[in-house]
Each structure stands twice: as structure tokens, then as C-alpha cells.
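Please read it with the model open.

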Amino acid sequence: MAVSARIHMLLLLISLLSRLGLGRYIEDNEAAEGLYSMLTLEQKRSSEDFIFRRSLRCLDMLATEGQFTFMAAQPQLACAAFLIGEPTEVISLELSDVNIDCSAGDFIKMFDGWVLKGEKFPSSQDHPLPLRQRYTDYCSSSAPGGAVLSSQNVAMVFFRVHSPDSGFTLTVKKQHNPMPCNIMSQSPEGSFTMVMPHHHWNCSFSIIYPVELQLTELSLGQAKSNELSPQRPMRWGCTGSGDYVELLGGNGVDTSKMYPMADLCFSPSGLTQMRMGCDNSVVRLVSSGNYVNRVSFRYRLLGRSEQPQASENSLDDFCTVG
């Protein structure tokens, strides 16, 4: 990756951290000061690609593959590494060279998703696994160090180390995901298509920015057979249909706690752009499992002057629709 591209990515990741309520950790935790400087990566060429090696900080955001080593210089009691990939990637995590004292309260826990301010992404309503199965605890696992594969393009590692010179190495690899679901966008602008074929799952695309959103295609209720399903009327209020798209906004990451702006179950031939003045804007595809569902959309960052103004008695002053 070019230097300019790495700097651009670093700025985006800092923006993600601050928007998600982690700004105070960036300000107060000296271990996070590297987030404001150019990442120093040791590149070692193998027969196939580059292997990136660098130190892992108490608070860190990782968007590249490689090996990341944490070594405590002092007790570090509340550390986390956030990992993010491209929308069509899942993340493999593997621990090695672990030197911690579980009996003294040290731990390393890997989580399938992100936890921010007590909220989880993907939410329990949208993730295919129950919550207890999304955590892998090194200290209690029967096979410590075994690789963990995320269900989406984000994952997380919590860790606590009491003794200096204790630590571990985390190996991060990316794999292609043929059916992306529950995505955290790295960019404030772009386009994407979510497809859900015959699965009773819900998929969310989360954009941690206020954006202008435009649906460009919506295909819901295509029967498993070759017969076409009856035409659905153009209407709002589709939550009872079993197959629909929700537009959500809020200042957290848990879609079950976000404010519903609209729900759609018709072809958006007449639908124009919607401005969503939220810290987090989400397109959520709800599927009954009986049909093939598909939604395509574009989004772009709203300028400060474009963001809708909240009314005095708004239910959520932080999040308005235009």
C-alpha cells in the first residue's frame, strides 16, 4: 500500500474511533499516540506476498494483514484492538508466543464483531451465532491459540496484562467472503449491494458518518421457484411483510437500539436521495428466508452545511432526516 493511501486509511480509522465514542481514550492513553503518526511497518517479503510486523498498542486499529506483537512496559488493564477489512472480507485471528498469567487476572479475549460503549455490532438480532459463542477466551479455551474466523469484516481483541514484559503476538489474515453480511464501512462514500438468498438472516451495512443515501435497486420477495411473486404496493410501513429494507440512524452501533427512519418493501423507482444526519447510518436487509432479496445503494458524506437541522422537540436531536 502506498504511503499516501496508508495515511488516508489512518485518518479514516481515527475518525471511526472518535465518532464511536473512543476519543477520550485517544486523548488519555499514551499507548494510543501512534494513531496520530505514520504507522511504521517492517516489511518482509515472502515467496507470495508481504508480511507486515509491528508493535500492537493498548488501543489500536488494524486494517492490514500481518503479525502484531504486544509487550507491556507497565500494567495495561483495559486494552482493545479493533480489526476491520474490506466489505467482502472476513478476518482470521491467531495467537502465538503468549506470555500472560491467567491466574493473576490477565486475559485475552477475541470477539466476533465490535463492542463499543456497551453496544455490539452486529447486534444479537443480526448475528448468526448466539452471543456466548462470539467470544473466544484464551485463558479458558481448550485449544489456546487456535485460529478464530470472524463472520463479517470486523473483529476485536480485548486484553489485560498486569506484569511488565508480558505479552503476545497476534497474526491477522484476511479471507474472501462470497456472501458479505453485516458490514462496517471503512469509507464515508461508495456503493454496495447486499444479497440474501433463501436464508432467514438480517444483514446490516453500517456507515459511521452522516450521509446522503440513495437506493438504486430493491428486489424483494422473489420466490424460490421460477414463478414471479405478486407485485407489492408502493408503501411505507413494511415491517409485517417479512422481507423489507430498514433505514436506521443513531449514535451507537447496535441496530436494535437505533432509530427507524424508513422501511421499504417495494421497487424504489420513484425513490430519491435521503439525507441522514446521524453519527451512524445503516441500511438493514431483513429476510424471511423464503425468497432471494437484494438491495443496492450509493452513499456520500454530507458536508456540514448539508446536514439536516434537528427541531427543538425532536425525539433524537442528534439524528435527523432530510
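## Disulfides and a sheet

C181 and C203 are both buried. The model is a predicted one. These two cysteines form a disulfide, with their sulfur atoms 1.9 Å apart. The torsion about the S-S bond of C181 and C203 is about -110°, so this disulfide is left-handed. C181 sits in the loop between strand 13 (167-176) and strand 14, while C203 belongs to strand 16 (residues 202-207), so the bond ties together parts 22 residues apart in sequence.

How many disulfides does the count come to? The count is three. The table lists them.

| Disulfide | S to S distance | Torsion about S-S | Handedness |
|---|---|---|---|
| C58 and C79 | 2.1 Å | -95° | left-handed |
| C102 and C139 | 2.0 Å | -80° | left-handed |
| C181 and C203 | 1.9 Å | about -110° | left-handed |

Take C58 and C79 next. A disulfide joins C58 to C79. The pair links distant parts of the chain, 21 residues apart. C58 lies in the loop between strand 2 (50-55) and strand 3 (59-62). C79 lies in strand 5 (residues 76-84). Are these cysteines buried or exposed? C58 has a relative accessibility of 2%, so it counts as buried. C79 is buried too, with a relative accessible area of 5%.

Now C102 and C139. A disulfide joins C102 to C139. This pair also links distant parts of the chain, 37 residues apart. Both ends lie in loops. C102 is in the loop between strand 6 (89-99) and strand 7 (107-111). C139 is in the loop between strand 10 (135-137) and strand 11 (148-149). C102 has a relative accessibility of 31%, so it counts as partly exposed. C139 is partly exposed as well, at 32% relative accessible area.

Strand 18 (residues 244-250) pairs with strand 19 in the antiparallel sense. Five bridges join the two strands. Which residue stands opposite Y259 of strand 19? That residue is G249.

How values were computed. Residues numbered from 1 in each chain as written. Predicted model: local features only at pLDDT ≥ 70, side-chain atom pairs only at ≥ 80, totals over all residues. Heavy atoms only, no water. Pairing = 2+ DSSP bridges. Helix = DSSP H or I, 4+ residues; strand = E, 2+ residues; numbered from the N terminus. Disulfide = S-S within 2.5 Å. Buried < 20%, exposed > 50% of the residue type's maximum accessible area, 1.4 Å probe, protein only.
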